[in-house]
Each structure stands twice: as C-alpha cells, then as structure tokens.
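Dear colleague,

Please find below the structure I wished to hand over to you. My notes on what was found in it follow directly after.

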Amino acid sequence: MHSWPTPDIPALDGTPVPLALYDTADQQVKPVEVPPSGSGTPVGMYVCGITPYDSTHLGHAATYLAFDLIYRVLLDNDHQVHYVQNITDVDDPLFERAERDGVDWRELGTSQIDLFRSDMETLAVIPPQDYIGAIESIDEVIEMVSILLEEGAAYVVDDPEYPDVYASINATENFGYESNYDAATMAELFAERGGDPDRLGKRNPMDALLWRVAREGEPSWESPFGPGRPGWHIECSAIATNRLGHSFDIQGGGSDLMFPHHEFSAAHAEAAHGVERMAKHYVHAGMISQDGVKMSKSLGNLEFVHRLTAAGHEPGAIRLGVYAHHYRGDRDWSDEILAAAEARLALWRSAAAVATDVQAAVDAVAQLRTHLSDDLDTPAALAAVDTWAETALKDTGNVSDTADQFDAPEFTPAGRILAAAVDALLGVRL
C-alpha cells in the first residue's frame with residue numbers, strides 16, 4: 001500500500017543534538033540507542049496506524065506529529081530512518097461502522113485511508129517507507145502464529161465451533177514490563193480495550209487472540225488453523241519484526257495503546273523470536289481533549305484535520321497548537337489554542353521579515369535543537385523561538401502584531417536561518 005509524498009526538508013548548518021526520549025518501559029528519559037550516523041544502518045521506528053473507519057481527528061494527528069518530530073530530529077543528526085506503519089484495515093470497528101452506514105467495509109476503509117493520507121500530506125508529516133495493511137500481512141501473521149504454536153506459546157481454544165488461536169500470557173517471563181501496570185489495572189484495561197476475558201475455554205482470562213476462526217458474514221482467509229482473520233496485536237508484531245528485525249529501536253503510538261496492544265505485540269515478538277525485548281524504546285503520546293473533555297466518537301466532540309484546513313486554518317498553525325503542550329501529557333484543544341498558534345505563526349513571520357542579527361538566529365536554532373532533543377520539549381522550543389522573534393521585532397522598532405509583515409515576500413538572512421530550522425525541525429513553513 002502506498003503512503004503519501006515526502007515533504008521537502010531543509011538541511012541545517014550548525015551542530016545537531018543527539019535525541020533522548022522517555023521510555024515507557026524503563027520510566028525515564030534516556031538517549032535513543034541508534035546506529036552511528038553515516039553508518040548506513042537506519043534507525044528502525046514502528047508506529048501503530050489507524051483503523052480506517054473515521055476521519056483523522058486531532059487525537060490521531062497529535063500522535064503522528066509527535067513521531068514526525070522524532071523522525072526530523074534523527075534526520076538532523078544525520079541518521080537514516082526506516083519508518084514502518086500499519087493500517088488495521090480488517091477489524092470489528094470497521095465492520096460495525098460499515099454496517100451502521102450501509103456501506104461495504106472495504107469501500108469505507110479505502111475512503112478513510114485516502115483521507116488520512118491527504119491529512120498527513122497537508123500536515124507535512126514524513127511518510128513511512130513501509131505502509132502496510134493488515135490484509136497485506138495475512139501470510140506474515142499466519143507464519144508468526146505457526147511459530148508461536150510450535151514454541152508452545154500459543155494454543156487452540158477448546159471450542160469445536162470456533163477453535164480460535166490464543167497466545168498465552170505466560171509465554172514470556174517479563175510480561176508487563178512495557179506498560180508497568182499491575183495485574184488489576186491490566187485486567188481492567190484488557191476488558192475495556194478489545195480483550196475477551198470471558199471467552200470460554202481460554203487458559204487465562206487475559207490470553208490474547210491471535211487468529212479468529214471465521215464467523216458467518218465476516219471476511220476470512222485460509223490458514224493451517226482454519227479460515228479466519230488475524231487478531232489485533234499479532235498484526236503489528238508481524239509487520240514490525242518482518243521489516244525492522246526481531247528487535248528494533250523505537251516502537252510507539254498513543255498512550256491508550258500502551259496496554260494491551262503494545263504489551264502483547266512485544267510479547268508475541270519476544271516469544272516467537274527469542275529476544276529479550278522487541279524495542280529498545282517504547283514511546284507514547286498523550287490523549288487530546290476538546291475544551292477539557294476527552295475527544296471521543298461516542299461523545300461526538302471530535303475535531304477533524306480536514307475540517308480545520310477547509311475552514312482556512314494553516315497546517316503550520318495546527319502543528320503549533322498541538323506542540324504548545326508536551327507530547328507525553330494529556331492536553332487540550334480549543335479555539336483559543338488554535339488562535340494563539342495562529343498569532344504565534346504571525347509573530348514568527350513578522351520577525352523573520354525584519355531580523356538583522358544573524359548570530360541571534362543561530363543561537364535560537366541551537367536552543368530549538370536542544371529543547372527538541374530533550375524528550376521533544378516543544379513548549380520550551382516554541383518559547384525559544386518566541387523570544388527570538390520578540391527581540392528581533394524590538395531591535396528593529398517593529399511591533400509583534402504588524403499586519404503588513406505577515407505576508408512579507410521574503411525574509412532577511414537572519415530570518416531565513418530561523419525559518420529553515422522551524423521548517424526542518426518542527427515541520428512549520430513560515
């Protein structure tokens with residue numbers, strides 16, 4: 001499956017700063033262990049993609065914008081990146097939405113994947129090199145399930161009608177290391193987030209589904225375990241390890257995927273391939289609320305990227321609104337936040353049109369790099385550019401809200417230095 005076009009990213013002068021990120025498993029900010037720059041060995045990064053039954057809302061976008069920053073900082077440090085993302089294009093939520101709307105589930109999935117691509121291109125998100133649908137990975141999943149069965153890490157449930165295949169929660173010694181949740185929390189979240197603890201015949205209520213034997217009216221594919229379709233977690237595990245290796249550098253997504261999805265994806269890979277840890281870094285982005293209330297399809301309070309851009313809001317302003325708060329925290333989105341982001345964008349443009357101090361611009365770029373490399377500290381990074389902009393305007397006798405500066409045809413040499421850095425590192429075009 002194709003992704004979307006790669007945005008142009010300016011090359012920057014100066015000294016990049018190595019990236020450190022918070023690791024969910026180790027519960028600390030630590031340097032990202034990557035191959036030496038220029039070695040030709042890319043940094044492997046896997047980020048969970050969408051289930052294509054609805055448009056790209058700000059919660060989705062915020063996650064992909066966070067990992068886009070990671071990609072950009074790694075590029076600035078002269079690393080190649082092998083970025084892989086999946087699409088769960090066969091799953092219960094997709095079937096349910098298609099039935100509700102009276103459309104074919106394939107048509108619904110295709111339409112929402114196309115819209116997602118469009119949103120990502122509009123937001124200047126660097127695309128994955130491998131953009132893989134669950135349907136494309138069926139053979140890979142079957143192979144991985146077969147290995148888990150051979151290793152005794154999986155079993156066929158005792159049910160003559162629906163002999164589904166499950167992974168044992170006891171297949172790895174360190175299950176739970178990625179999320180660090182206690183047993184009670186894991187049980188609660190497993191039931192809330194797609195698990196089936198009450199399924200009869202399971203050896204443990206939290207054993208995870210690997211292969212769902214075909215039910216009437218559901219799509220299915222042939223396998224040694226009978227016609228059926230993949231479970232959710234095994235899909236990502238197979239797609240990631242087949243492209244990045246059995247153990248790779250960064251695995252991530254939204255914080256709501258931490259458990260059970262990421263925990264089980266890692267456990268499947270570790271049991272199948274005999275590795276201690278699927279990823280060196282587990283990275284999670286927080287949730288987005290709308291005016292203080294968590295965005296939810298059930299509440300109908302979602303803000304969609306394409307609606308914002310259709311209303312005339314610039315992609316750069318959307319990015320700045322998302323980056324106003326730290327990626328790991330649960331944070332809010334509102335009209336006020338967007339308005340503040342648009343005012344910030346205007347401020348930066350005004351300053352870039354009149355700035356005269358080249359060294360000040362170079363120093364601001366160094367601060368921008370430092371803050372982003374410190375666990376993507378975007379609030380501090382944006383504040384550093386604000387300070388530069390306000391100082392530049394003050395030094396030249398301008399005011400920060402001068403309207404005629406907004407559409408300046410070109411920037412000064414100092415302004416171009418800053419504008420290139422903001423484009424390359426933040427994905428914001430001045």
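Helices and strands are named here from DSSP runs, a helix having at least four residues and a strand at least two, with numbers assigned from the N terminus. Please note that this is a predicted model.

I begin with the positions taken from a database record. An unreviewed UniProt entry lists Cys48, Cys236 and His261 under "binding site". These residues span 214 residues in sequence, yet no two of their C-alpha atoms are more than 9.6 Å apart, so they gather at one spot.

Cys48 is placed in the loop between β3 (43–47) and α1 (58–76). With a relative accessibility of 4%, Cys48 falls below the 20% limit and therefore counts as buried. Beyond its neighbours within four places in sequence, Cys48 is in contact with Tyr64, Gln85, Asn86, Cys236, Gly252, Leu257, His261 and His262.

His261 belongs to helix α7, which covers residues 258–273. His261 is also buried, its relative accessible area being 1%. When residues up to four places away in sequence are set aside, His261 touches Cys48, Trp232, His233 and Cys236.

Together with Val362 and Ile417, Val358 forms a nonpolar patch on the surface, for which the accessible area is about 190 Å² in total. Ser373 is likewise found in helix α11, but Ser373 is buried, at a relative accessible area of 6%. Not counting residues up to four places away in sequence, Ser373 touches Val17, Pro18, Leu19, Ala20 and Val73.

Finally, I turn to one of the sheets. Three strands form an open sheet in the order β13-β12-β14, with mixed pairing. Strands β13 (293–294) and β14 (331–333) stand at the edges and have a single partner strand each, so one side of each is left without a neighbour in the sheet. Strand β12, residues 288–290, runs antiparallel to β13 and is joined to it by 2 bridges. In one of the pairings, Gln290 has Val293 of β13 as its bridge partner.

With kind regards

Conventions:
Residues are numbered from 1 along each chain as its sequence is written. This is a predicted model: local features need pLDDT of at least 70, side-chain atom pairs count only at pLDDT 80 or more; totals for chains, interfaces and linings use all residues. Side-chain values use heavy atoms; hydrogens and water are left out. Two strands pair if DSSP finds at least two bridges between them. Patches are made of residues with over 30% relative accessible area and no salt bridge: like charges are joined within 9 Å, nonpolar side chains (Val, Leu, Ile, Met, Phe, Trp, Tyr) within 5 Å. Accessible areas come from the Shrake-Rupley method with a 1.4 Å probe; for residues, only the protein chains shown count as cover. A salt bridge is a side-chain nitrogen of Lys or Arg within 4 Å of a carboxyl oxygen of Asp or Glu. Buried means under 20% relative accessible area, exposed over 50%, partly exposed in between (1.4 Å probe, protein chains only). Contact means heavy atoms within 4.5 Å. UniProt positions are given in the numbering used here, feature names are shortened, and annotations may be inferred rather than shown by experiment.
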